[in-house]
Amino acid sequence: MGNIPLRICHLGKFYPPAAGGIETHVRTLAQAQATLGAHVHVVCVNHLDRNGRDVTWERLAATETVEEWDGSVRVTRVGCRASIARFNVCPGLPRVLAGLMRSGTDLLHLHVPNPTMLLALAALRPRIPLVVTYHSDVVKQKLLGMILRLFEHVVFRRATVLISNSPTYPGGSTILQCYRGKLTVLPMGLSLDPYLRPTPAAWKYAQQLQEKHGKPLWLAVGRLVYYKGLHNAIRALALVPGKLMIVGNGPLESELKRLAEEVGVAERIIWRGRVSEEELIGSYHAATAFWFPSNERSEGYGLVQVEAMASGCPVINTAIPHSGVPWVSKHGETGLTVPVNDPAALAAASRRLLHEPGLRERLAATAREQAVARFDHRLMAERSLEIYRQILCKDRSQWDHPN
């Protein structure tokens, strides 16, 4: 490929300011690739209506197609007419994808689970190389998973490479086991500097949290959805001192608040919803530990664990079988790992952090070191571009020397 910049298009579900690990990953990867000289375009579903309101969870809310730039990354947010079982109905998507084929895009990078983009690719079958990052299986939505399986095979058979975020996830995925010959591993990374070296505003917010809420302060960050296991965090809070701050929103908010009342901990939970980046970073630095009680393989990685690690906040996560969660933050090194769906074990690990001399400090120091060594966004981007170049060189070689 010489020195000609690669022209890459990522096909994501949503894109920030939409919250979520996949969304954060796509933006971080796209930005880092652009910094290395690639021409990067992201196509996703528009999650905001005309008034700028987040309608991700509304079935019949309509959005419009919007073209914009996020720094040097071009972003096309495709308009949506309805959302049915997490499938976004986007009449303009085929036209957008067809335009990519005419624009000279070198390679498509699909991020799944992503029913909308998956079905579109299965129908259009674009004639350029395709890479797929497989973030997680569809676990709870059984009917949706069965329907998607057919389209996944159509698309994955065409893909040159399938990427897993961790070496542990493929072992439990029947889909990935079908494509072992195409698999490679590319750990997700972050731009770590804001977490390693917080701004004065982030430090000030951390101090305000500690002054207002005291210690211990436990922190959970993520969408309020079933596989985050936040009901276990609420039950664990009844067994430990201090307060729990929950950052994020989602469809289970009312249900979780009712549970907090039933358990008797409602007065010790701080519901923060969406927060700014500086408030999020300040929250990590104020917290005694980061609770990550996810309980299904829908949680394939847990990128927020890396945010906590870079902030020097020990992680207490769960041993989800064949998930990348306990691989990202390792037991006894950067945090503690407890059994799935075990509030008592989560509470016991938290009390251990409070009472075992030097444990929290040791885990915090190693967490920061491991974040830098394993999860830096520049390392991720360099590895991804090398994967692309190998694919494109092989593709060109096959074109020059057909069998």
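Helix H3 (residues 115-124) is mostly covered, with seven of its ten residues buried, where buried means under 20% relative accessible area, exposed over 50% and partly exposed in between (1.4 Å probe, protein chains only). The model is predicted: local features need pLDDT of at least 70, side-chain atom pairs count only at pLDDT 80 or more, and totals for chains, interfaces and linings use all residues. Residues are numbered from 1 along each chain as its sequence is written, and side-chain values use heavy atoms, with hydrogens and water left out. Helices (H or I, at least four residues) and strands (E, at least two) are DSSP runs, numbered from the N terminus.

**Helix H3**
- The buried residues of H3 are Pro115, Thr116, Met117, Leu118, Ala120, Leu121 and Ala122.

**Packing of H8 and H9**
- Helix H8 (residues 230-237) and helix H9 (residues 253-263) have axes that come within 10 Å and cross at roughly 20°; axes are lines fitted to C-alpha atoms, for helices over the stretch in contact, and angles run from 0 to 180 degrees between N-to-C directions.
- That makes H8 roughly parallel to H9, since angles under 35 degrees count as roughly parallel, over 145 as roughly antiparallel, 65 to 115 as roughly perpendicular and the rest as oblique.
- From H8, Leu230, His231, Ile234 and Arg235 meet Leu256, Leu259, Ala260 and Val263 of H9, contact being defined as heavy atoms within 4.5 Å.
- By class, the contact of H8 with H9 has six nonpolar, one polar and one charged residues; Ala, Val, Leu, Ile, Met, Phe, Trp, Tyr, Cys and Pro count as nonpolar, Asp, Glu, Lys and Arg as charged, and the others, Gly among them, as polar.

**The two sides of H9**
- Leu256, Leu259 and Ala260 are buried in H9.
- These residues cover an arc of only 105° around the axis, which puts them on the same side of H9; the arc is that of the directions from the helix axis to the C-beta atoms.
- The buried residues of H9 pack against H8 and strand S13 (269-273).
- Arg258, Glu261 and Glu262 are exposed on the other side of H9.

**Gly332**
- Gly332 is found in the loop between helix H12 (325-328) and strand S16 (335-338).
- Gly332 counts as partly exposed, at 28% relative accessibility.
- Leaving aside its neighbours within four places in sequence, Gly332 is in contact with Arg362 and Leu363.
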